[in-house]
Amino acid sequence: MQRTNHGITKRRIIALAAAIALIFGGYSVRLFQIQIVDGDEYADLASRSASTEVPISASRGEILDRYMRPMAVNRTSFSVVFDCAFFPQGSGEEEQYQQNTIILSLTNLLAQNGEEWSDTLPITDTAPYEFEEGRENSIATLKSRLRMAEYATAEQCMDALAERYMLAGYSETEQRTIAGVRYEMELREFALKNPFTFSSDISEDTYNWILENSARFPGVNVQTTPVREYVSKDIAAHLIGTVGPIYAEEYEALAEKGYQLNDILGKSGIEAALEDSLRGQNGVSTIRVDSTGTVVDKTVTAAPVPGDTVILTLDSSLQKTAQDALAKQIAELRGQAEGTKGQDVRSGSVVMLDVKTGGVLVCATWPNYDLSTYNADYNELIADPDNPLFNRALNGAFAIGSTMKPGVALAALNEGIITADSRPVSCTPALGRRTGTYTYYADSGYAPTCLGIHGRSNVVYALQESCNVFFYDVGRMLGIDKMNEYSTVYGLGQKTGIEVGESQGILAGPAYRQSLGLAWNPGDTCSAAIGQSDNAFTPIQLAAYAMTIANNGVRYKTHLVQSIISYDGTETPVEPEVAASVELSQSAIDTVRQGMRQVMTDGTASWAFRNASYEAAGKTGTAEAGNGGSDHGTFIGYAPYDDPEVAIAVVLENGTSHPASGVAKEVLDAYFESKTAGTAPLPEGELLP
């Protein structure tokens, strides 16, 4: 029995030894293959164990006016960029000290040279620390990242930042400086694939100093980069718009479109509306690191593609004329004695449209601002009581007064409510009034008046002299529903389609009153017919309305973009688009146009246009402001009278009617003078034939 067990044990030992020998033999063969046969390949793989793709920012497309004059372009500048592949990393005390030392040295240098760096920390620069006003979203993000309670103070947040970045040994000023940059690096997700732009527009002296002392700043690169430059300065500032950094709260949605936190984004105006065209396509730089994390190769694997060039419909020279005319007129009005009509003027707007396309030639608003100094002036701009950042031409809604009358007349004529010869009511004094009085609803206590005495007028004379009584009665007969049906076609109380955003305005009527919980009365229809009641329209809507009359009832969608030119030179034009139309009888349109022409030759605007070198049609308006100030002054028109090319609207908020007509005349004069003189400019560098 013992001999049998001994035999079994011996066999087991032999089998185990054979298995071990087989295993080691297999490993030896595999080791030989790895080290000898495939050694070079595996050595190469070991040295290239990981690769990361880093985006290369594309140059932003330029914005030019209709004559290819630059408005927003790029200029070459210098930037300071932190490269994570070489920048000190780690959470240890030594690594933190290295990061803070580099940042403090660079901020001291930039501060001495009057230059700025990336820091959007929503805390004041000096103690006692307070949260910056108007930064609620950024403050909430800060508290969330620091895991602070909602009621945490700015001082408590600064204490947490000092602890987070090991800033105990620094002064309060240094702590705030370093913390601002370190926190910005966090927000921008500084990593190997995401370099951090520390400063964007440094001087050449700063650039050279950092370059000469590069050994002191590992991972800090200075490089040439394109910087947005607004050469148009204050011309069409509201329309061109601004660019800015991507904020943390915006990034989630933008990341899906391929944006990096370091990218620049259009924030307003054309810069925002045409972002997809202007931004270009980022390139790719591939960084390879070995198993120890050492960078072994850095290659541009895809070159960036610059953004498209956007050509606007704007005439920048004509835009400047309109802006200057507004500024001059408003200065004159404000310079009058206090209490004089129009002395309290608050703002002004001019919009001129190409009648054949709906293209915006002019879209001016006062007060204005300078895009080239926007960032430096921002705090002053938002504190200005005139609110220069608000675009009245597109977003200001105003009562328009008698400029409503041509549209009401056109609707009534087209519907057969009146004819060219109708004289429905007499504008004569009544009820002890000194001017014409409308007495249809007098028994109910509603007896509105006119500004003059016009007797029994026909529609042409009523337009020429702006007779309220005539239009009270026409409005009553037409009715608010039919009036608004036509007003909608004209574009009143409707968005016109412009790319950069606009207000819808208010179209008076039962529906709007009901939304306020109020009733609509018969007399309100009479008031709406002369541009009062609840009616409140934007200047661009008024210009679209004038365009519709000039086009025999066809209204084009307004647009600022004329064409887009891609990097390869392909130009894509923006085709005119009909927004609305109404079939008008030739008799109706001829009658209204005749009345608008006589406004300019013998009526309320004749003082300005009687001796013009061109024939124009128009209508003035005086609207009660409802704010206790002077009346709004409005004007609509088109020219030439027999073959319209442009439509124009002017609104002076609390600025009275007479000056509004003067501004319109100055802008129309400039348009026709440039045509007569042949001064429409050629693209830069192109020779005359």
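The legends below describe close-up views of a predicted model. Residues are numbered from 1 along each chain as its sequence is written, and side-chain values use heavy atoms, without hydrogens and water. In this predicted model, local features need pLDDT of at least 70 and side-chain atom pairs count only at pLDDT 80 or more, while totals for chains, interfaces and linings use all residues.

**View 1. The largest cavity holds about 100 Å³ of space.** A cavity is a set of points, on a 1 Å grid over the protein atoms alone, where a 1.4 Å probe fits but cannot get out; lining residues have an atom within 4 Å of a point. Of its 13 lining residues, T120, S138, L187, A248 and E249 are the closest to the centre. Helices α4 (136-146), α6 (172-187) and α9 (248-255) each give two or more residues to this lining. The lining comprises seven nonpolar, three polar and three charged residues.

**View 2. The second largest cavity holds about 40 Å³ of space.** Among its lining residues are H238, Q319, C363 and N391. Two or more residues come from each of α8 (237-240), α12 (316-334) and β12 (360-366). Five nonpolar and six polar residues form this lining, with no charged ones.

**View 3. Helix α3 covers residues 93-112.** At 1.5 Å a residue, its 20 residues should span 28 Å, which agrees with the 28 Å between its end C-alpha atoms. Buried residues (under 20% relative accessible area, 1.4 Å probe, protein chains only) of α3 include Q96, I103 and L110. The buried residues of α3 pack against elements including β3 (70-82), α5 (154-164) and β5 (220-229). After α3 comes G114, with a positive phi near 70 degrees.

How values were computed
1 Å grid on protein atoms, 1.4 Å probe; cavity = no way out; pocket = protein on both sides within 12 Å on 5 of 7 lines; lining within 4 Å. Points joined across faces, edges and corners; volume = space filled by probe spheres on them. Helix = DSSP H or I, 4+ residues; strand = E, 2+ residues; numbered from the N terminus. Nonpolar A, V, L, I, M, F, W, Y, C, P; charged D, E, K, R; others polar. Expected span 1.5 Å × (residues − 1). Buried < 20%, exposed > 50% of the residue type's maximum accessible area, 1.4 Å probe, protein only. Contact = heavy atoms within 4.5 Å.
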